[in-house]
Amino acid sequence: MSVYKDTAEVEVRERRLDAILSYKGDAKTLNVQSKKRKVNCPESSYSQCSQCSEGCAEGLICHIIDAAVISHAPIGCSLGASSRHIVGRAVSKSRGLPEHKVQMICSNINEEDTVYGASKKLFTAIYEADRRFKPRVIFLQSSCASGIIGEDMESIARQAEEKLHYPVVPVYCEGFKSTIWSTGFDAAFHAVLRRLVKPAQKKQNDMVNIFNFTGSNTFIPLLHKLGLRVNYLLPMATLEQIASVTEAACTAHICETLATYVAAALEEQYSVPEVKVQPPFGIDWTDEWVREIARYTDRAKLAEQLIVQEHKRIQPELEKLRELLKGKTVYVMSGDAFAHNLANIAKDLDLNVIGLSTLHHDLHFETKEQINSLEALIESVGNIKDVRVCNKQPYRIIKVLQRISPDVLIVRHPNLAPMGMKLGIPTLSEGDANFSIGYDGVLKFGRRLLDLITAEKLFGNIAKHARLPYNSRWRENDVDDVLNNRMLGGEL
Amino acid sequence: MSEIIEQPRYGCALSAQQTVLAIPRALPIIHAGPGCASKAFSFAATGAGFQGEGYGGGSHISSTNTGESEVIFGGEPSLEKEIKGALKILDGDLFVVLSGCTSDIVGDDSISVAERFAAQGYPVVGTETAGFKGSSYYGHEIVVKSIIEQFIGDVKPQVRHGLVNVFAVVPFQDPFWRGDLEEIKRILTNIGLEVNILFGNGSAGISEWRDIPNAQFNLLISPSTGTEIAELLEAKYQTPYLQYPILPVGGVETSRFLREVAAFAGLSSLPVEKAIEKEERRFYDYFVAVSDFIGEYWNNLPVDLYAVGDSIYAPGVSSFLVNELGLVPRGVYVTDEPQPAWQSVITETLAARDSRLAAVLKFENDGGAIEMDIREKDKNAGKSIILGSSWEKFLAVDVDSLYAYLSLPLDEIVILNHSYMGYSGGLRLIEEVYSAVFKRKTATSRSIV
């Protein structure tokens with residue numbers, strides 16, 4: 001069965017990758033059960049807010065150079081514009097590019113539109129975007145509201161395109177369609193594969209596709225040492241860069257969760273090989289990644305030299321950092337595969353990873369050849385006893401953190417850090433997903449951890465005064481016992 | 001006003017989860033898609049000066065995270081389970097259900113589900129706040145009215161003379177609401193009133209809300225949002241209300257405000273005048289002290305004023321800057337889509353302060369249109385300052401104007417106890433407007449810009 005299908009929408013992750021949202025156990029068991037596609041996923045009758053596909057899709061497409069995005073939605077779906085605009089400005093600067101401006105318009109669906117249809121507004125938004133921004137591509141982003149009322153974005157896009165003479169590309173990312181927000185990444189990549197990627201004109205053997213978020217420029221310095229050029233995708237990419245992904249020597253990425261769909265599709269449809277080892281987080285994974293890229297670009301000797309040099313270069317500071325951090329316990333909470341990346345760096349600093357919580361878990365990726373990042377992590381750091389799959393849910397994670405009391409908490413997503421800080425745990429927010437790659441990434445990670453631990457008075461002070469919104473039943477019992485009435489006085 | 005919106009300034013009705021969070025120990029329960037609560041929070045708390053999750057916001061917010069099965073088969077059972085779960089583990093005094101687009105389009109009766117819990121004695125209120133139904137301002141009114149109808153309910157008022165309920169800025173949608181409400185409570189207490197401020201640190205929480213029917217009067221400091229709340233309370237508990245249709249900022253307006261409130265409350269004027277005199281002396285001591293700076297830096301000071309904010313905030317701030325600091329109004333952009341009747345109130349109120357203010361007043365919710373208008377006007381303008389959101393900061397940098405922060409979104413500032421309201425807020429605004437001179441570039445008293 002092919003990875004890429006020429007359909008309007010890509011299948012959601014729960015059906016395509018058997019993605020799950022809950023698990024409680026150890027890492028090895030999760031891996032074994034994942035392979036058998038039989039993971040014990042306890043359902044819960046109560047949940048706290050998650051995130052949605054639309055936000056994930058938007059984060060990738062709104063930073064494409066010369067793109068405009070129409071959020072075909074009520075205004076509440078389109079609220080990320082200003083923060084994305086700020087990130088865009090910062091990252092374009094860090095990459096030495098012209099200042100990037102996020103160009104978004106919301107069609108502002110109202111009650112009447114949900115009854116009579118909102119296509120007129122969508123056309124208005126499209127032509128207004130054309131007038132205001134003079135874009136070279138317009139993306140149409142669906143929403144729960146536009147999806148449920150059955151807006152025909154395909155035909156609207158076609159009609160608009162005939163008039164505008166440049167691509168108008170629907171992205172199907174309705175929040176309700178998938179409980180796994182990462183489905184939004186697939187939706188964005190699918191739209192781009194369908195409409196913007198072109199067959200190769202000529203092969204560019206020194207160019208590597210890097211699929212990433214709107215992150216800082218860390219890949220160019222690393223790959224420059226191998227004499228390779230980086231094609232950063234999708235944020236900050238031009239339409240020409242996107243069209244030419246098919247010309248690259250190979251495709252790599254920062255995280256399986258982000259990009260295994262697009263990477264597999266490019267390999268299948270255009271024979272661009274995917275780098276099938278872990279992304280370059282931690283020394284050993286960086287070594288393997290460098291070797292693998294060298295294999296596709298015919299630089300094996302150079303790669304070995306680079307690895308030796310880089311090990312030697314970072315060794316003195318690495319030893320110092322290890323001395324200061326050795327044995328400190330760490331809990332990592334992040335996206336499925338990215339949590340594995342962060343845990344692997346922690347290992348290089350002699351930290352003790354005592355727990356891991358991934359925000360969802362794909363039981364497998366697109367193809368059998370793609371890396372199993374959980375297995376790779378187990379090989380690298382050994383079994384991890386306390387593993388959860390959990391889409392944030394502080395009412396569960398806080399109890400875990402209270403019980404195992406790590407020295408440091410590491411997170412990447414917004415609104416997660418307060419969980420640790422309110423318990424007095426120094427909490428490192430990774431944020432920029434490019435920041436900690438490569439050999440220097442390990443050092444930078446260690447330096448930041450030292451700064452963090454130095455500020456322990458701050459975290460202690462927060463914990464001393466913070467109150468949590470949970471009652472004594474929650475505090476004194478197992479949460480599932482409370483929710484399932486398995487305790488006295490728990491009936492409701 | 002535009003049909004479509006670039007550079008949004010407000011959230012959708014479901015953003016009123018923040019109104020619930022502004023009540024001490026009240027907690028929202030969201031019945032909507034998985035991203036709704038997070039998006040509303042990111043905009044109205046994180047993107048509003050990093051106001052934080054507080055007691056039960058951010059990732060703690062209960063949400064059914066509705067998916068395909070709820071859309072196809074209906075989501076009422078999920079909501080019921082969610083409310084049960086929340087009541088079992090959360091430590092709150094009031095739970096407000098807010099439904100989103102998915103549940104309202106497929107026709108879940110979220111209010112009835114909430115009522116079933118209320119009927120069993122649980123403090124649960126139900127509201128329908130689908131994003132397509134309106135803005136965060138609309139949602140705020142829905143939530144407050146629903147709490148009054150469903151939680152406070154039909155009680156017989158036991159009126160306490162001197163007790164006032166205050167309905168003013170919309171929490172979080174006004175990034176300075178915490179400081180603003182503290183200042184209102186402070187100055188009203190100063191003239192001898194007992195104040196139910198209802199939101200934020202100065203509120204006693206649910207007991208104060210239960211006390212609403214007992215007020216001598218309601219004070220509505222707004223030309224727009226909140227009007228229907230005051231009308232509801234008048235109909236329900238026969239509580240009269242005073243509408244003060246502009247935010248009191250600075251010495252002149254705040255004193256006028258206090259006199260009007262005191263007259264409405266029937267307070268004897270002597271102690272009120274004494275309190276006003278004391279406040280004014282303090283205010284104008286500071287004010288006169290800044291004249292040295294004005295003299296020294298006249299060459300650098302802004303002349304023209306643009307203000308972008310909601311109908312509660314932008315007019316009051318603009319009036320102060322025009323009437324007390326002598327700025328020339330070039331544009332007052334009201335971003336919250338006030339109803340036509342409310343628009344007349346705003347226009348008349350501003351015209352009464354200075355006819356130039358009314359002349360440059362625009363009702364515009366599309367930030368892109370505001371940007372185009374300011375760019376066009378600023379071509380021939382002198383030195384200007386733009387008060388607004390992060391978007392206006394970028395614009396100001398681009399057109400070489402000064403800027404100060406006034407309205408959402410605010411992604412590049414940390415706001416704690418900050419306010420432009422009243423006497424103290426007026427002083428703070430003077431600091432901001434004049435310090436703006438140094439924010440953009442190195443200014444010296446002799447540099448001609």
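Of the 449 residues of chain B in this predicted model, 60% count as buried, a residue being buried if 20 or more other C-beta atoms, placed from the backbone, lie within 10 Å of its own. Local features here need pLDDT of at least 70 and side-chain atom pairs count only at pLDDT 80 or more, while totals for chains, interfaces and linings use all residues. Residues are numbered from 1 along each chain as its sequence is written, and chains are lettered from A in the order in which they are written.

**Chain B overall**

- Chain B has 19 helices and 14 strands, which are DSSP runs numbered from the N terminus (helices H or I, at least four residues; strands E, at least two).
- The C-alpha atoms of chain B fill a box of roughly 70 × 55 × 35 Å along the principal axes.
- Among contacts in chain B with a separation of 6 or more, 74% join residues 24 or more positions apart, where contact means C-beta atoms, placed from the backbone, within 7 Å.

**A helix pair in chain A**

- Helix α15 (residues 336-348) of chain A packs against helix α16 (residues 373-381) of chain A at an angle of about 15°, their axes lying 9 Å apart, with axes fitted to C-alpha atoms over the stretch in contact and angles running from 0 to 180 degrees between N-to-C directions.
- That angle makes α15(A) roughly parallel to α16(A), a description used for angles under 35 degrees.
- Residues of α15(A) that meet α16(A) include A:A337, A:H340 and A:K347, and among their counterparts in α16(A) are A:L374, A:L377 and A:V381.

Technical notes:
Buried ≥ 20, exposed ≤ 12 C-beta atoms within 10 Å, placed from the backbone. Contact = placed C-beta atoms within 7 Å. Parallel < 35°, antiparallel > 145°, perpendicular 65-115°, else oblique.
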